[in-house]
Amino acid sequence: MKAAGLWDVFVKHSRPEGEEAILADKTGARLFHHAPEPDAARPEIDRSTLRQILLDGVPQGSIKWGHAFVSAAPVAGSAEWELKFANGFKTVVDLLVGADGARSRVRPLVSDAQIQYTGITGAEVSFAREVAEKHPELIARIGNGSMYALDEGKLLGSQRNGDGRVRTYAWFHSDEPDVLPSDPSEAIAFILAQYEGWAPWLRQLVELADRNAIYPRPLHILPVGHSWPHRAGVTLLGDAMNLLTPYGGRGANVAMYAAWQLGLALANGPVQDLDAAVAKYEQDVRKVVVAAQELSDRSTKKAMGPNGAQATIDLYHEQFAADAAAAAAQ
């Protein structure tokens with residue numbers, strides 16, 4: 001954000017209290033609580049606000065809405081690509097960056113890797129500020145940031161959003177990813193059935209859900225260590241490059257880091273050697289990406305094991321120690 005010249009507006013809209021984190025087991029017992037001082041917290045803002053800050057920070061006219069990408073074809077005798085869009089628009093570019101998500105249409109140009117179902121599925125539900133205000137005791141249990149209840153290989157995790165909405169994710173193991181009923185009432189009953197015997201206040205996070213905002217959330221990943229042979233004129237970043245589960249808390253950060261590094265590579269590299277600059281970006285960023293993938297994979301397995309809360313707490317302490325050692329070595 002600093003490199004983009006957006007730090008001041010980022011801090012203006014940040015929510016340092018959103019760094020608060022609570023871990024519990026299925027009884028609702030609080031086993032871990034991290035509540036940093038506001039002046040020591042890393043800023044955290046809602047993604048919709050962050051997205052708007054970034055959009056407002058780019059040159060006017062550089063984003064073309066209504067251009068759904070369809071295909072790309074190499075231009076004979078060059079490293080350029082002809083792009084086709086659903087609205088009929090065509091153009092030729094010297095660099096195509098696939099930042100088009102988990103089911104990227106650009107990725108197949110450089111990699112045959114397919115996203116893999118993790119064996120974990122579930123749903124996202126939420127309720128609005130007006131509902132939250134009627135249940136102050138429940139909101140106090142969540143805190144100002146995030147609360148995760150981990151037990152029996154399952155998770156119920158809630159987040160306080162900047163607009164007062166409380167968003168909850170329910171994840172559990174399933175052989176099939178698409179198990180959530182389409183009928184809202186049936187979907188809520190199905191989710192609650194996965195958490196029989198869990199504390200009433202944890203189940204209430206699902207019971208209060210807005211019936212018009214229930215979304216299936218099966219978890220998919222790209223293979224840890226995903227890479228591809230460099231191809232002139234095309235590269236990847238974000239979920240198209242390194243799709244992670246949310247358990248490591250690295251996905252958005254790594255995507256923004258990769259975008260920053262690619263921008264630097266293009267700005268600072270020799271104009272006549274664009275391809276070399278992009279190839280170096282892929283090599284350099286991959287080190288950070290693989291580390292994030294490994295942490296995400298480890299975090300997922302710990303959290304979704306039989307004693308998820310304590311295993312995650314142990315992992316936190318391991319990561320804190322590793323971060324401290326790395327900082328001391330600098």
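**Reading surface and sheets**

A: Val58 counts as partly exposed because its relative accessibility is 34%, where buried means under 20% relative accessible area, exposed over 50% and partly exposed in between (1.4 Å probe, protein chains only). This is a predicted model, in which local features need pLDDT of at least 70, side-chain atom pairs count only at pLDDT 80 or more, and totals for chains, interfaces and linings use all residues. Residues are numbered from 1 along each chain as its sequence is written, and side-chain values use heavy atoms, with hydrogens and water left out.

Q: Where is Val58 found?

A: Val58 lies in the loop between helix H2 (47-57) and E3, given that helices (H or I, at least four residues) and strands (E, at least two) are DSSP runs numbered from the N terminus.

Q: How should I read a sheet, and which strands form the open sheet with antiparallel pairing?

A: Strands of a sheet pair through backbone hydrogen bonds, either parallel or antiparallel. Here two strands pair if DSSP finds at least two bridges between them, and three strands form an open sheet in the order E3-E4-E5 with antiparallel pairing. Its edge strands, E3 (69-74) and E5 (90-93), each pair on one side only. Four bridges link E4 (residues 81-85) to E5 in the antiparallel sense, and Lys84 has Lys90 in E5 as its bridge partner.

Q: What is the strand order in the open sheet of seven strands?

A: The order is E2-E1-E9-E10-E11-E8-E12, and the pairing is mixed; the edge strands E2 (30-34) and E12 (215-216) each pair on one side only. Strands E8 (residues 120-127) and E11 (residues 166-173) run antiparallel and are joined by eight bridges, with Thr121 opposite Phe172 in E11.
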